[in-house]
Amino acid sequence: SVSVTSPESAGAGHQWVVGGSSTLSIADVEAAQTLTFTWTEQYYLTVSSARGSPSGEGWYNAGASATFGVTSPDVAGTTRYVLSAWASVDTGGYSGTAVSQSVTMNNAITETASWTHQVQNTFSVSGVSGSDSAVLTGTYLGTGSSTIVTLNSGNSWSASAWSDYNTAVTFPSSTA
């Protein structure tokens with residue numbers, strides 16, 4: 001009976017694993033025998049993210065496609081974090097903004113997510129009375145969208161949107 005250690009480390013993020021059993025036995029040893037172990041090379045994908053439930057980390061066969069990602073946005077009440085980018089300095093690594101991506105595992109790869117902190121802002125207008133009316137115009141909440149709202153007596157208006165933390169937002173101008 002012959003056995004080998006599997007997996008066998010080949011350095012950081014690199015290993016060899018035996019396909020099938022790591023123990024081979026011969027019942028009758030009356031003649032020369034050859035025992036063959038089939039080895040598969042593997043590399044480790046590290047997915048580093050402080051938020052967004054990272055997925056895809058693990059060992060992959062050399063040359064295999066490995067898919068990794070995070071859930072984005074990561075929301076808690078009126079605060080959220082949105083994936084800004086993935087960064088990797090490893091050969092074959094991915095650098096970009098896709099929430100989910102694939103890489104080919106020809107070496108160990110570390111993918112690191114960075115996040116943008118955002119807060120939810122809500123603007124509202126009410127209190128128009130009598131025969132007065134108000135017109136609100138402008139770009140608001142850093143969204144780049146322009147809104148024109150006409151309020152008559154008894155009407156109100158409210159809008160919510162996300163903006164980057166610690167960034168100025170503009171409330172629509174008002175005329176009555």
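Is Gln118 buried or exposed? Gln118 is buried, with a relative accessible area of 11%; buried means under 20% relative accessible area, exposed over 50%, and partly exposed in between, with a 1.4 Å probe and protein chains only. The place of this residue is in strand S11, where strands (E, at least two residues) and helices (H or I, at least four) are DSSP runs numbered from the N terminus. With neighbours within four places in sequence left aside, Gln118 is in contact (heavy atoms within 4.5 Å) with Thr78, Thr79, Arg80, Val82, Trp162, Ser163, Asp164 and Tyr165.

The model is predicted: local features need pLDDT of at least 70, side-chain atom pairs count only at pLDDT 80 or more, and totals for chains, interfaces and linings use all residues. Residues are numbered from 1 along each chain as its sequence is written, and side-chain values use heavy atoms, with hydrogens and water left out. The mean pLDDT, the predictor's confidence in each residue from 0 to 100, is 82 for the protein chain, and 72% of its residues reach 70 or more. Over residues 138-143 pLDDT stays under 50, and the model has 24 contacts beyond four places in sequence for this stretch. Where pLDDT is low, the predicted coordinates should not be read in detail.

The protein chain has zero helices and 15 strands. Of its 176 residues, 27% count as buried. Among contacts with a separation of 6 or more, 51% are between residues 24 or more positions apart. The accessible surface, from the Shrake-Rupley method with a 1.4 Å probe and, for residues, only the protein chains shown as cover, comes to about 10,100 Å², and 47% of this surface belongs to carbon and sulfur atoms.

A nonpolar core is a set of buried Ala, Val, Leu, Ile, Met, Phe, Trp, Tyr and Cys residues joined through side-chain atoms within 4.5 Å. The largest one here has 16 residues, and those with the most contacts inside it are Leu45, Phe68, Trp86, Val103 and Met105. At least two residues of this core come from each of strand S5 (38-48), strand S7 (65-69), strand S9 (79-87) and strand S11 (109-125). Beyond four places in sequence, the contacts of Leu45 are with Gly56, Glu57, Gly58, Tyr60, Ala66, Phe68, Val103, Met105, Ile109 and Glu111.

The structure also holds three aromatic pairs, in which rings of Phe, Tyr and Trp (its six-membered ring) have centres within 6.5 Å; planes under 30 degrees apart count as stacked, over 60 as edge-to-face and the rest as tilted. The rings of Phe68 and Trp86 have centres 4.9 Å apart and planes at 90 degrees, so this pair is edge-to-face. Because Phe68 lies in strand S7 and Trp86 in strand S9, the pair ties together parts that are 18 residues apart in sequence. Phe68 is buried at 1% relative accessibility, and Trp86 is buried at 2%.

Not counting residues up to four places away in sequence, Gly69 touches Val47, Ser53, Pro54, Ser55, Trp86, Val99 and Ser100. Of these, Ser53 is placed in the loop between S5 and strand S6 (58-61) and counts as exposed at 54% relative accessibility. Phi of Ser53 is near 45 degrees, a positive value in a residue other than glycine.

Most residues other than glycine have a negative phi, and most peptide bonds are trans. A cis peptide bond joins Ser6 and Pro7, with omega about 5 degrees; Pro7 is in the loop between strand S1 (2-3) and strand S2 (8-9). The bond from Ser72 to Pro73 is cis, with omega near 5 degrees, and Pro73 lies in the loop between S7 and strand S8 (74-76).
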